Amino acid sequence: MKKQVDYLIEISGKRTAKFKLSYEGNILVGVQKMPGTIMDTNEQKNWFWDWVPRDINELGKIDGSQKVTFKQIPPDLSFERFWDAYGYKVGKKSKAAQLWNAMSEVERILCLGIIARYDFWLAAKGIEKAYPTTFLGQRRWENYFII
């Protein structure tokens, strides 16, 4: 699994536009328009899609431009993100938080990355989802969920 890296891009001109660009490996996988950004004409939208760096290595080519700034956004590896992503909010939340906080950054990234596959596997097998404390405590996020 490739680690996702997010950048905040700010484009200054007559208006200021902000976007979150998400990359996995070197490839652009997502664009999110930030609140307050207005792109109401097709000309603006076309310019943006022609301009946006599809490869993460292209970000360096626009750095230093007077009209464009970008900064890397650290990944959200908070317990609340796990709690929301896992979705099965049962059991002792404080115990689950304690288990989460004992994990390394890499373990948290891997854990968050497997939740969707785990949910799909459960649905295909007709198995009930483990409590969050069980999922974390038994390190079930390290399992292979093959259908």
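The largest nonpolar core of this predicted model has 22 residues, and those with the most contacts inside it are Phe 82, Trp 100, Cys 111, Tyr 118, Phe 135 and Leu 136. A nonpolar core is here a set of buried Ala, Val, Leu, Ile, Met, Phe, Trp, Tyr and Cys residues joined through side-chain atoms within 4.5 Å, where buried means under 20% relative accessible area, exposed over 50% and partly exposed in between, with a 1.4 Å probe and protein chains only. At least two residues of this core are supplied by each of helix 3 (79–86), helix 4 (93–101), helix 5 (105–125) and helix 6 (132–137), and the largest share, eight residues, comes from helix 5. Helices (H or I, at least four residues) and strands (E, at least two) are DSSP runs, numbered from the N terminus.

Because the model is predicted, local features need pLDDT of at least 70 and side-chain atom pairs count only at pLDDT 80 or more, while totals for chains, interfaces and linings use all residues. Residues are numbered from 1 along each chain as its sequence is written, and side-chain values use heavy atoms, with hydrogens and water left out.

The axes of helix 3 and helix 5 come within 10 Å and cross at roughly 5 degrees, which makes helix 3 roughly parallel to helix 5. Axes are lines fitted to C-alpha atoms, for helices over the stretch in contact, with angles running from 0 to 180 degrees between N-to-C directions; angles under 35 degrees count as roughly parallel, over 145 as roughly antiparallel, 65 to 115 as roughly perpendicular and the rest as oblique. Helix 3 contributes Arg 81, Phe 82, Ala 85 and Tyr 86 to the contact, and helix 5 contributes Cys 111, Leu 112, Ile 115 and Tyr 118. These residues divide into seven nonpolar, no polar and one charged, where Ala, Val, Leu, Ile, Met, Phe, Trp, Tyr, Cys and Pro count as nonpolar, Asp, Glu, Lys and Arg as charged, and the others, Gly among them, as polar.

The strands form an open sheet of four in the order 3-2-1-4, with antiparallel pairing; two strands pair if DSSP finds at least two bridges between them. Strand 3 (27–33) and strand 4 are the edge strands, each pairing on one side only. Strand 1 (residues 4–11) pairs with strand 2 (residues 17–24) over eight bridges, and Ile 9 stands opposite Phe 19 in strand 2. Six bridges join strand 1 to strand 4 (residues 68–73), where Asp 6 has Ile 73 as its bridge partner and Leu 8 has Lys 71. Helix 1 (residues 42–51) lies across strand 1, strand 2, strand 3 and strand 4, running at about 135 degrees to strand 1.

The last stop is helix 6, in which Thr 134 lies, partly exposed at 26% relative accessibility. Thr 134 touches Arg 139 and Arg 140, not counting residues up to four places away in sequence. Arg 139, found in the segment after helix 6, is partly exposed at 31% relative accessible area, and its phi is near 55 degrees, a positive value in a residue other than glycine.

Notes: Contact means heavy atoms within 4.5 Å.
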